[in-house]
Amino acid sequence: MPPDWGGVDAVGTVAPFYLKPGSVEELVAFYKPIAAACAPLPFYAYHIPSMTGINLPMIDFLKNGSKEIPNLNGIKFTSNNFMEMIECIRFDGGRFDILNGFDEMLLCGMAVGARGGVGSTYNYSLRTSPA
């Protein structure tokens with residue numbers, strides 16, 4: 001019987017940025033046991049090359065990862081490489097949930113087909129007028 005996740009809808013993980021994976025195969029091997037531990041919940045890989053220094057082709061990650069990680073659901077795509085994002089969005093008939101990660105580029109991400117966004121500034125809003 002799977003564990004009770006208490007209302008959790010999905011799990012996402014960032015790749016290790018100290019001992020970086022050097023290939024897509026190593027990246028898949030890193031994510032695979034984490035995704036297996038949280039199955040059947042949907043699993044998302046977090047792609048943020050500006051912070052991790054890992055800039056592997058995410059289209060290849062989807063191709064290889066979909067064979068190894070049954071609950072791979074998508075990518076939080078935090079890169080301004082929108083051509084790569086489009087490839088990921090269109091891969092396998094749009095099977096994967098590709099979410100825009102850069103707050104300030106949400107409109108661009110949505111314009112190219114991202115299904116949504118995950119960003120830190122979406123969690124608050126500023127009040128500009130008195131109550």
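Q: Start with Ala-10. How does Ala-10 count by relative accessibility: buried, exposed or partly exposed?
A: Partly exposed, because its relative accessibility is 32%. Bear in mind that this is a predicted model.

Q: Where does Ala-10 sit?
A: In the segment before E1.

Q: And what does Ala-10 touch, leaving out residues up to four places away in sequence?
A: Pro-42 and Tyr-44.

Q: How far is Ala-10 from Asn-55, C-alpha to C-alpha?
A: 24 Å. Along the chain they are 45 residues apart.

Q: OK, His-47. Buried or exposed?
A: His-47 counts as buried, because its relative accessibility is 3% and the cut-off for buried is under 20%. His-47 lies in strand E2.

Q: What surrounds it? Which residues does His-47 touch, sequence neighbours up to four places away aside?
A: Ile-54, Asn-55, Leu-56, Met-58, Ile-75, Lys-76, Phe-77, Thr-78, Ser-79 and Glu-84.

Q: Let's take H3 against H4. At what angle do the axes cross?
A: Roughly 20 degrees, and the axes come within 8 Å. H3 and H4 are therefore roughly parallel to each other, since angles under 35 degrees count that way.

Q: Which residues make that contact?
A: From H3, Met-58, Ile-59 and Leu-62. From H4, Glu-84, Glu-87 and Cys-88.

Q: How many are nonpolar, polar and charged?
A: The contact of H3 with H4 has 4 nonpolar and 2 charged residues, and no polar ones.

Q: What about the residue just after H4, Asp-92: what is its phi?
A: Positive, about 55 degrees.

Q: Switching to H1. How many residues, and what does it span?
A: H1 covers residues 24-38, so 15 residues. It reaches 21 Å from first C-alpha to last, close to the 21 Å expected.

Q: Where does H1 bend?
A: At Lys-32, by about 30 degrees. A proline, Pro-33, follows within four residues.

Q: Which H1 residues are buried?
A: Val-24, Leu-27, Val-28, Tyr-31, Ala-35 and Cys-38.

Q: Last one. What covers the buried residues of H1?
A: The cover includes strand E1 (11-14), strand E2 (43-47) and helix H3 (58-68).

Key
Residues numbered from 1 in each chain as written. Predicted model: local features only at pLDDT ≥ 70, side-chain atom pairs only at ≥ 80, totals over all residues. Heavy atoms only, no water. Helix = DSSP H or I, 4+ residues; strand = E, 2+ residues; numbered from the N terminus. Expected span 1.5 Å × (residues − 1). Bend = angle between axes of the 7 residues up to and from the residue. Buried < 20%, exposed > 50% of the residue type's maximum accessible area, 1.4 Å probe, protein only. Contact = heavy atoms within 4.5 Å. Axes fitted to C-alpha atoms, helices over the stretch in contact; angles between N-to-C directions. Parallel < 35°, antiparallel > 145°, perpendicular 65-115°, else oblique. Nonpolar A, V, L, I, M, F, W, Y, C, P; charged D, E, K, R; others polar.
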